[in-house]
Each structure stands twice: as C-alpha cells, then as structure tokens.
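I set out to record what I looked up in this structure, entry by entry. The sequence and the structure come before the notes.

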Amino acid sequence: MSKFQLNRRTLIKSGAAVGAGLALPTMFTSSARAYLNEPKGGTVTLGFNVPQTGPYADEGLDELRAQELAVQHLNGEGDGGMMNTFSSKALKGNGILGKKVQFVTGDTQTKSDAARASAKSMIEKDGAIMINGGSSSGVAVAVQGLCQEAGVIFMAGLTHSNDTTGKDKKANGFRHFFNAYMSGAALAPVLAKAYGTDRRAYHLTADYTWGWTQQESIATATEGMGWETVNNVLTPLASTDFSSYIAPVLNSGADVLILNHYGGNMVNSLTNAVQFGLRDKMVNGKQFEIIVPLYSELMAAGAGANVRGVYGSMNWNWQLQDEGSKAFVKSFGEKYGRPPSNSAHTCYVQTLLYADACERAGTFDPCGVVEALEGFEFDGMGNGPTLYRADDHQCFKDVLVMKGTDNPTNEYDTLEIVEQTPRSQVEYAPDHPMFAGGELGQCNSGA
Amino acid sequence: MDAIILQILNGLDKGSAYALIALGLTLIFGTLGVVNFAHGALFMLGAFCAVTLQRILSLSFTVEDPTQKDFLGNPLKVDTPYVVNWFGDVTGNAILDWSVPLAILFAIPVMLLVGYVMERGLIKHFYKRPHADQILVTFGLAIVIQEIVKYFYGANPIPTPAPDMFRGSVDFGVMVGFAENQIIYPYWRLVYFLFSAVIIGAVFAFLRFTTFGMVVRAGMADRETVGLLGINIDKRFTIMFGIAAAVAGLAGVMYAPINSPNYHMGMDFLVLSFVVVVVGGMGSLPGAVLAGFLLGILESFASMNEVKSIIPGIDQIIIYLVAIIILLTRPRGLMGRRGVMEE
C-alpha cells in the first residue's frame with residue numbers, strides 16, 4: 001500500500017500537469033475564432049436585409065434610410081439622433097467597441113427563401129455579425145431561424161405576427177416591434193368607447209401566419225368586450241380584387257368589418273370596402289364601421305382618402321412629442337426631407353440597441369449580446385420605458401391607437417394618434433396560449 | 001337570390017378586365033402569331049397614364065404659409081395647382097376631379113405609340129422564332145417595363161380616385177325590384193362594365209364594318225393570299241398591335257380607381273388573361289370575351305362563403321381547374337378554330 005506524500009517536487013509536477021491540462025483546449029484553438037465573424041480589423045460589419053424589390057420596396061427603402069442614419073450616428077457623424085436621448089449612455093459615437101461601423105445590404109424581396117439567401121450571403125461572404133430589417137413575419141421567422149443556425153444576432157424589423165416571439169422564437173432573435181396581441185389589447189377599449197360594446201364583426205383575413213394570429217388576437221380582444229364575431233373569411237394572399245369577399249358583408253348582419261390585411265392587400269380591400277359604400281350604411285341601427293388593426297404610413301398613403309376615420313394601431317409614429325421621437329424625426333427629416341415611417345423607426349432603434357448591447361457586454365460575441373439584451377430596460381427611444389423581456393425576446397412598451405386623419409393638411413398627414421396605450425395594458429404572460437409552442441433554446445455564437 | 005345577383009355583377013366586373021386584356025392578347029396572337037407576355041404590362045401602363053395625367057394636372061406652385069408648420073417646425077409649403085390658379089376654383093378642381101376620364105384621351109395616343117414602338121422595335125424580330133423565344137422576350141420586356149415604372153413611381157400603390165359623382169355605391173336591388181339595401185354596388189364598377197362593353201363593341205365593329213377591319217380579318221384567315229393581292233398586311237398588323245395595346249391601356253386607365261395602381265398590377269392579370277385566352281380559344285375574339293366574363297363570374301361564385309365551406313380553397317383554383325378541364329375535353333377552347341391546339 002503506497003502512501004501519498006505531498007512535497008515540493010510533487011506539487012510543482014502536479015501543478016504543471018494540471019496547468020497544461022487546463023490550457024490544452026486553448027493551446028490548440030487560440031488561433032481559431034471565438035465566435036462567427038469576429039471583427040479582426042478596425043471595422044465591424046452589420047447586414048441590413050430589407051425588401052429592395054417587390055411590393056414592399058418603398059417600406060424597405062425607408063428602413064434602409066433609417067439604418068444608414070443609425071450607422072452615421074454610431075460613427076459620430078450627424079447630430080446623434082436618439083443617441084442623445086437614449087437612457088443608456090454606453091454609446092460614444094466612436095463606432096461599436098471602438099470599431100468603425102460599416103454595412104452591407106441584402107434584398108429580401110419579401111420572400112422567405114430570397115431573404116434567407118441574402119442573409120446567408122451577408123453572413124458568409126461579407127462577414128456580417130448582425131442582421132437587421134424586413135417587412136414581413138414570414139421573412140422574419142425564416143431569417144431568425146437562419147441566424148440562430150449560423151450564430152449571429154437577428155434584430156427583427158417590421159414583423160407583427162405573434163409567432164415571431166411565440167412558437168418561432170429563437171435565442172439569437174430579438175423583436176422591438178409590437179405584435180398582434182398588443183394591437184388587440186390596445187384597440188379593443190378604444191373601439192368599445194367609440195362604437196359601443198354591442199357590435200357584430202366580420203373579419204376578412206389574409207391567409208398566412210400573420211393574418212391568422214392577428215385575426216385570433218383581434219377577435220379575442222373584441223369578444224372580450226362584448227362584440228360578436230359573425231364570420232371570418234380567409235382571403236388568398238395573392239388577391240387583388242376583394243369585391244367578391246366584401247359583397248356578402250352587408251347582408252351578413254355584421255355592422256363592423258375588420259380587415260386583417262397588410263400592404264397591397266390592405267390598400268385594395270379597404271378601397272373596395274369604401275367603394276361598396278359600407279361606411280355609408282346603417283346596420284342594426286348603427287353606423288357601419290371598418291377597422292384596419294395594423295397601420296403603416298406608406299399603406300395609409302396608398303389608400304388615400306379611404307383611411308379617413310378608420311381606426312388601427314401602430315408601433316410608433318413621427319407625430320409623437322417625446323424627446324427621443326423629436327430627435328429622430330429631426331435627424332431623419334433633415335437628411336431625407338420626409339418624416340420616418342414606423343418600420344424605419346424600429347430598424348433604427350434595433351441597430352442602436354444592438355450596438356449598445358455590444359458596448360455593455362464588452363464583446364461582439366452573440367452570447368454576450370444576448371445576455372446584455374435580455375431583461376434590458378431602457379427609455380428615450382420613442383415608446384416610453386421599454387423592457388426587452390428575457391423569456392421571449394419581445395419588447396414591451398406603449399402602443400399607439402391611430403385613426404385616419406379627417407382633414408389632412410399635407411401629404412404626410414394621413415394618420416392621427418388617438419391614444420398612447422400604456423405598456424401595462426398590452427403585457428401578457430410568457431406562457432400565454434397565443435404564444436405557446438416554442439422554445440428560445442440556447443444562444444449560438446457560431447464558433 | 002340577392003347574393004347570386006351580387007356575385008354575377010362582381011363577375012361581370014372582373015370579367016370586363018379579363019375580357020379587355022384577353023381581347024388584346026387574342027388580336028396580337030391572331031394577327032401576328034405572337035404570344036405576348038408583355039400585355040399585362042400594357043394594362044399597367046394604361047393605369048399609369050391615369051396616374052401621370054393626374055400628376056401633370058396637379059403640377060403646382062408652392063407658397064410658404066407662416067401660420068402653419070410642417071413636420072420639422074418650418075413654415076408649411078402650400079401647393080396650389082396651376083389649373084386651379086388659371087381656371088379658378090370650380091373649373092380647376094373639376095378638371096382635377098375628372099383626371100381619370102380625361103386620361104382616356106391621354107392614353108389612346110400614348111398606348112398606340114407604345115404598341116407601335118414595341119412591335120417595330122422588338123417583337124417583329126421574333127415573328128419567325130419559336131413561341132418559347134417570343135414568350136421569353138416579351139416576359140423580359142414586361143419585367144423591364146415594370147422596373148422602369150417602379151423607378152419613376154415607386155412600389156407603393158398610388159391612389160387615383162374616380163370623379164366625385166361616381167364615388168360610393170348605388171342601390172342596384174331597388175332598380176331590379178328588390179328591397180332596399182339588398183344589392184349595393186359601386187357606381188364606378190358599373191361604369192367600368194359599361195365602358196368595357198363599349199370598347200369591346202367598338203373593336204368588333206371596327207373589324208366587321210370597316211375596310212381596314214375586313215382586310216385584317218382576311219389576313220388573320222389567310223395571310224399569304226392577302227399579301228398576294230398586293231396589300232401590305234404587315235403594316236396593318238402593326239397597327240392592330242397598336243390598337244391591342246390601346247385596348248389594354250384603356251382597360252388599365254379605367255381600372256385605376258378600382259384598385260390603386262402599382263407597378264406589379266399587370267402581372268396580377270397576365271396569367272389569368274392567358275387562361276382566359278386558352279379557355280376561349282386561341283385566336284378567337286368572341287371566345288376571349290365570352291371566356292373573360294364566364295371565368296370572372298365563376299371566380300366570384302367560388303369566393304362565396306357557401307361554396308368555400310363545401311370546397312375550401314376553391315376560390316384560389318377555380319380558374320385553373322376550368323382551364324384544365326377545357327384543355328382535356330376541348331383543347332381548341334370554347335370557340336377556337338378546329339385544329340388549333342389540337343395537334
């Protein structure tokens with residue numbers, strides 16, 4: 001039987017062996033990257049993936065304008081915009097972590113496969129470390145999945161489906177934009193006040209993920225205040241003429257038409273509904289009303305006079321008078337001669353939030369960024385005090401209820417703010433049934 | 001019953017656009033033997049003629065109004081259209097209000113010219129090439145036209161309203177003996193249907209009752225013999241291409257108030273219109289018109305909740321389903337000539 005004796009020689013030998021053992025993994029990997037697309041030189045590359053062709057090209061162009069502005073502000077150019085009002089003071093105007101920010105762009109074409117291909121190209125060929133932008137939930141879910149697999153951060157643009165931070169949520173993905181549940185929660189009380197609690201609603205719904213979740217959210221919210229849902233008709237996404245779907249509405253007994261449509265679908269269905277004189281009719285002793293739960297400035301402009309008096313909701317609007325919004329509108333307006341859209345706003349804010357998270361984490365490592373963004377509370381970005389919830393990576397903040405302006409004074413005066421619904425009214429539990437079914441999983445740094 | 005009448009009206013209205021586009025397609029195929037995939041783009045260009053005239057008539061001079069502020073807090077720049085300044089409020093605003101009907105006069109020469117240039121500049125070089133080449137080149141041309149329009153007008157739909165007196169809807173039910181509010185139909189859609197009927201009638205009358213039309217019909221039946229008689233049939237066919245372009249353009253002008261024009265609207269109609277041509281019979285003008293209205297009505301009925309509850313998704317496939325059935329059972333189409341598409 002041997003007896004273990006600790007003397008100086010044994011201690012030195014054992015210490016050397018343990019030290020070598022611990023150092024072994026890094027000895028062989030010290031020249032390998034710590035995470036995917038780790039910036040090596042004096043620059044860091046961001047990838048802006050927006051629709052540059054296709055029906056949402058104008059919205060994509062506005063996103064790109066905002067992203068370019070954000071990069072300028074991060075690099076210390078221009079007036080700094082929302083960096084001056086942002087509650088976090090980590091950003092210094094010297095790029096991100098001292099590296100100058102440059103960007104590459106991709107064209108999503110508002111098609112999932114094209115968006116994945118352009119994001120993949122920016123990650124693999126251009127070395128983009130973060131992907132931001134987009135104008136569709138289908139695209140957002142597809143690109144979010146790709147970024148999770150690749151190991152880069154995805155800061156979503158305009159995506160309103162509950163699924164993005166519900167069943168399709170991912171650890172590497174973050175959404176600043178609001179969602180369909182929040183639209184319902186914000187709109188319902190305003191609609192009850194404006195139109196009463198005894199209403200019968202007829203839904204026309206775009207037949208894809210966003211349309212389904214929006215219809216479910218709005219129907220649940222309005223039924224919760226006493227409305228009855230008479231019918232829900234799914235319309236093909238490729239529809240251009242909605243007359244066949246609108247014609248039966250008047251004789252259905254409904255006195256409200258809810259259009260769960262976005263983009264060209266929304267412009268056409270609303271125009272068709274107004275042409276059919278729905279808003280001029282009295283049904284069940286009440287004035288017939290139309291509701292468009294999700295608005296965008298560009299779509300409101302496309303629908304022209306038809307949006308007048310029609311209620312909807314938005315993530316943000318340039319008419320807000322908080323200091324952050326004013327600073328952003330001033331920067332954007334002076335550079336481009338027009339007010340920013342809410343899709344531009346969310347892309348701008350997401351770019352700054354990503355940069356700020358890198359600064360606070362002290363690294364570009366996606367897992368460090370995820371940790372910095374999870375549970376992050378901030379203010380000064382246009383929506384009041386905001387939380388990036390750790391459970392699902394969804395931002396919680398005030399939501400706007402909007403109405404088509406009755407007497408517009410200029411081309412940008414299409415919508416007016418009816419109410420800034422407080423954050424507490426649109427919050428929900430992480431395990432809410434409308435968001436059930438997915439797991440964030442583990443962050444992936446792509447190493 | 002009221003629901004059925006409503007869907008028939010809707011079908012006639014949709015069918016009007018299909019019929020007008022298909023009529024032009026058939027004219028080009030029947031005369032030049034070209035399968036023109038750029039025809040939807042001509043429809044879109046017509047709609048943008050309406051947008052362009054609206055913009056021309058709205059050309060304004062700007063005056064700063066210090067009592068109002070823009071979104072940056074600067075004095076608001078107020079635009080006053082020149083036509084209002086020149087002709088006064090009433091006449092000037094009436095001209096602006098009637099910009100879409102006025103665009104018909106603007107679109108006719110523009111579209112004739114576009115058709116002429118398209119045929120002489122590009123398509124004539126493909127007469128003797130296979131149909132596949134023609135399809136590729138005309139489809140490419142359609143994309144080029146689309147992108148040019150998008151470059152100048154953007155991707156967002158552009159509202160182009162009908163004159164005030166045609167906005168809103170009429171109680172069509174009362175006119176045909178139903179109770180009030182049973183069959184409500186938009187004024188402008190009825191105008192569109194009547195306009196289409198007039199254009200279709202005018203094209204048929206032109207072909208039937210004029211010497212020019214008689215020669216064209218003879219050329220469609222036997223090009224070689226007409227040529228042997230010393231008639232320059234090619235020149236007449238080029239003019240027919242221009243007329244077909246004008247018909248598609250006029251269909252687009254009048255469609256502008258129904259759905260705000262966007263650069264992609266031609267493609268939305270193109271495939272459906274080809275199906276209409278195939279169902280009606282390649283080269284048959286009455287067939288194109290008949291199939292246009294027939295498929296429009298069928299599509300409307302397929303969108304009814306009662307039908308969709310029995311066969312979900314039927315509204316998305318009905319037109320293609322009919323095309324398949326026709327191709328299987330009567331390949332030459334409803335009114336096509338014996339032998340065409342049957343070999």
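**Entry 1: the model and the domains of chain A**

I noted at the start that this is a predicted model. I then looked up the domains of chain A, and the assignment gives domain 1 (43-178 + 318-397) and domain 2 (181-314). The C-alpha centres of domain 1 of chain A and domain 2 of chain A lie 30 Å apart. Their contact takes 14 residues from domain 1 and 16 residues from domain 2. On the side of domain 1 that touches domain 2, I found that the elements giving two or more residues are α2, α4 (137-150) and α11 (342-361) of chain A. By class, that side of domain 1 holds three nonpolar, eight polar and three charged residues.

**Entry 2: the largest nonpolar core**

Which residues have the most contacts inside the largest nonpolar core? I found A:Leu257 and B:Leu23, in a core of 232 residues. At least three residues of this core come from each of domain 1 and domain 2 of chain A. Apart from neighbours within four places in sequence, B:Leu23 is in contact with B:Ile200, B:Val203, B:Val247, B:Leu285, B:Ala288 and B:Val289.

**Entry 3: strand β12 of chain A**

I asked whether the faces of strand β12 (residues 311-314) of chain A are covered or open, and both are covered. On one side A:Tyr311 and A:Ser313 are buried, and on the other A:Gly312 and A:Met314 are buried.

I next looked up the partners of this strand. Strand β11 (residues 289-294) of chain A pairs with β12(A) in the parallel sense, over two bridges. Within this pair, A:Tyr311 is the bridge partner of A:Ile291. From β11(A) the chain passes through helix α9 (residues 297-303) of chain A to β12(A), and this β-α-β crossover is right-handed.

Strand β16 (residues 399-404) of chain A also pairs with β12(A), here in the antiparallel sense and over four bridges. In β16(A), A:Val401 stands opposite A:Ser313.

**Entry 4: two positive phi angles**

I looked up two residues of chain A that have a positive phi without being glycine. A:Leu97 has a phi of about 50° and lies in the loop between α2 (57-74) and β2 (100-107) of chain A. For A:Gln109, phi is near 55°, and this residue is in the loop between β2 and α3 (112-124) of chain A.

Why does A:Gln109 count as buried? The reason is that A:Gln109 has 21 C-beta neighbours inside 10 Å, and 20 or more are required. A:Leu97 is partly exposed because 16 other C-beta atoms lie within 10 Å, a number between the limits of 12 and 20.

**Entry 5: where chain B touches chain A**

How many residues of chain B are in contact with chain A? I recorded 37 residues of chain B in contact with 40 residues of chain A. On the side of chain B, the elements that give two or more residues are α1 (2-32), β4 (184-186) and α14 (314-329) of chain B. Of these, α1(B) gives the most, with seven residues. I also noted the classes on this side of chain B: 13 residues are nonpolar, 17 are polar and seven are charged.

Key. Residues numbered from 1 in each chain as written. Chains lettered and ligands numbered in written order. Predicted model: local features only at pLDDT ≥ 70, side-chain atom pairs only at ≥ 80, totals over all residues. Core = buried A, V, L, I, M, F, W, Y, C linked by C-beta atoms within 7 Å. Domains from an automatic or database assignment. Contact = placed C-beta atoms within 7 Å. Pairing = 2+ DSSP bridges. Right-handed = clockwise from strand over helix to strand, strands pointing away. Nonpolar A, V, L, I, M, F, W, Y, C, P; charged D, E, K, R; others polar.
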